[in-house]
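Q: Could you walk me through one part of this structure, slowly and in plain words? I would like to look closely at the place where its parts come together.

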Amino acid sequence: MSGTTRWPDGFSEAARRCRRCVVLTGAGISAESGLVTFRGMQGLWEDFNPLDYATPEAFERDPAKVWNWYQWRRDKLPLVEPNPGHLAIAELEGLFPEFLLVTQNVDGLHQRAGSRRLVELHGNIGRNKCSLCSALTQAGPATGEVPPRCGCGGLLRPDVVWFGEALPQEAMASAWEASRAADLFFSVGTSGLVQPAASLPVAAKQNGAYLVEVNPEPTPLAQMSDLALAEPAGQAMPAVAWEVRRLRNGKLL
Ligand code: BJW
């Protein structure tokens with residue numbers, strides 16, 4: 001969709017009337033910043049088995065291997081920037097009376113793009129968590145011991161959610177509440193395969209939201225979406241923000 005393309009009437013109506021907007025993002029939103037996604041060709045899971053890197057059992061078996069993998073991913077973050085997709089989502093936040101960005105990403109790029117009303121479902125790679133006392137600390141530069149230890153003696157791990165672990169309770173509760181109440185819901189750059197995040201757009205749709213999916217590849221969600229934009233997020237989301245701004249003409253209500 002570009003600024004000159006005709007948007008479906010259903011979208012225009014939903015965007016004009018919307019009071020509560022939710023955007024769910026996944027790794028695809030950061031692809032155009034140069035961060036690889038998890039699934040699909042050239043995804044992280046092509047080269048790294050998630051069972052060896054993204055489970056508590058993997059960390060117990062070989063903490064140094066898991067720590068080094070996350071350190072390798074952390075080291076890339078200062079080298080990348082938010083892209084037009086992140087920036088457009090940050091702009092959407094100011095165009096609706098109520099707005100929540102629910103991200104599965106751990107890369108912090110939404111915050112760097114200016115998003116403030118957001119919850120992180122899978123944690124943040126910029127923090128560490130003690131595997132013994134659960135104390136949280138900012139991740140610092142590499143030190144001698146791998147992984148480093150907390151003051152209590154426990155091994156530090158990245159503060160991210162691995163398979164089989166519960167999602168942060170407060171973030172998940174906010175995400176459910178906002179999704180069920182949403183009248184406009186965008187699912188952007190996620191394969192929709194990982195639960196419970198994948199159920200949020202379904203809950204929104206079942207509760208009457210107009211559902212928009214943005215993903216260049218087909219996903220299970222496309223079938224139930226009111227509008228499926230098969231485009232990269234860095235192209236689609238600026239066009240969405242442009243159209244929403246035009247339709248709402250600066251009005252929040
Ligand atoms: C673009 C693009 C562009 C590319 N523009 N788009 C019910 C049924 C079956 C299984 C389960 C179930 N409930 C729970 C489970 C188990 C499991 C699960 O879902 N497994 C399935 C995979 C089968 N879920 C869990 O274990 C979760 N925990 C849980 O449910 O706990 C219950 C519990 C309760 C109480 C006590 C104890 C437990 C935890 C899930 C944690 C996921 N963690 C990861 C790693 C995070 C840390 C890290 O970064 O390393 O999170 S896995 C990985 O997948 C990461 C992502 O956030 C997540 C989702 O992936 P995402 O973002 O969708 O990325 P991709 O790569 O899949 O897709 C990218 C998309 O972008 C593609 O579609 C592209 O086409 C698209 N794209 N370029 C727009 N330019």
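How many residue pairs in polar contact does the rule find across the interface of domain 1 and domain 2?

A: Happy to take a close look with you! Keep in mind that this is a predicted model. Across the interface of domain 1 and domain 2, the rule finds three residue pairs in polar contact, with both residues at pLDDT 80 or more. Sorted by class, the side of domain 1 that touches domain 2 has six nonpolar, six polar and three charged residues.

Domain 1 is made of the stretches 1-35, 82-122 and 166-253, while domain 2 is made of 36-79 and 124-160. Their C-alpha centres lie 28 Å apart. Where the domains touch, 15 residues of domain 1 are in contact with 12 residues of domain 2.

Next, consider the area that is covered up. Domain 1 and domain 2 bury about 980 Å² between them, and 58% of that is on carbon and sulfur atoms. On the side of domain 1, the residues that lose the most area to domain 2 are A27, L35 and V106. Together, these three account for 48% of what that side buries.

The rule finds one salt bridge across the interface of domain 1 and domain 2. If you look for R127 and E120, you will see that their side chains meet in a salt bridge, with 4.0 Å from N to O.

Now let your eye move to the ligand. The shell around the ligand draws at least three residues from each of the two domains. In all, 34 residues surround the ligand, and the closest are R39, Y70, R73, T190 and S191. By class, this shell has 18 nonpolar, 11 polar and five charged residues.

For H122, an N or O atom of the side chain is 2.8 Å from an oxygen atom of the ligand. As for how much of the ligand is covered, the ligand taken alone exposes 1500 Å², and the protein buries 72% of that.

Conventions: Residues numbered from 1 in each chain as written. Predicted model: local features only at pLDDT ≥ 70, side-chain atom pairs only at ≥ 80, totals over all residues. Heavy atoms only, no water. Domains from an automatic or database assignment. Contact = heavy atoms within 4.5 Å. Buried area = accessible area lost by both parts, 1.4 Å probe. Polar contact = N/O pair within 3.5 Å; in protein donor to acceptor, adjacent residues only side chain to side chain. Nonpolar A, V, L, I, M, F, W, Y, C, P; charged D, E, K, R; others polar. Near = heavy atom within 4 Å. Areas by Shrake-Rupley, 256 points an atom, 1.4 Å probe, with all protein chains shown as cover.
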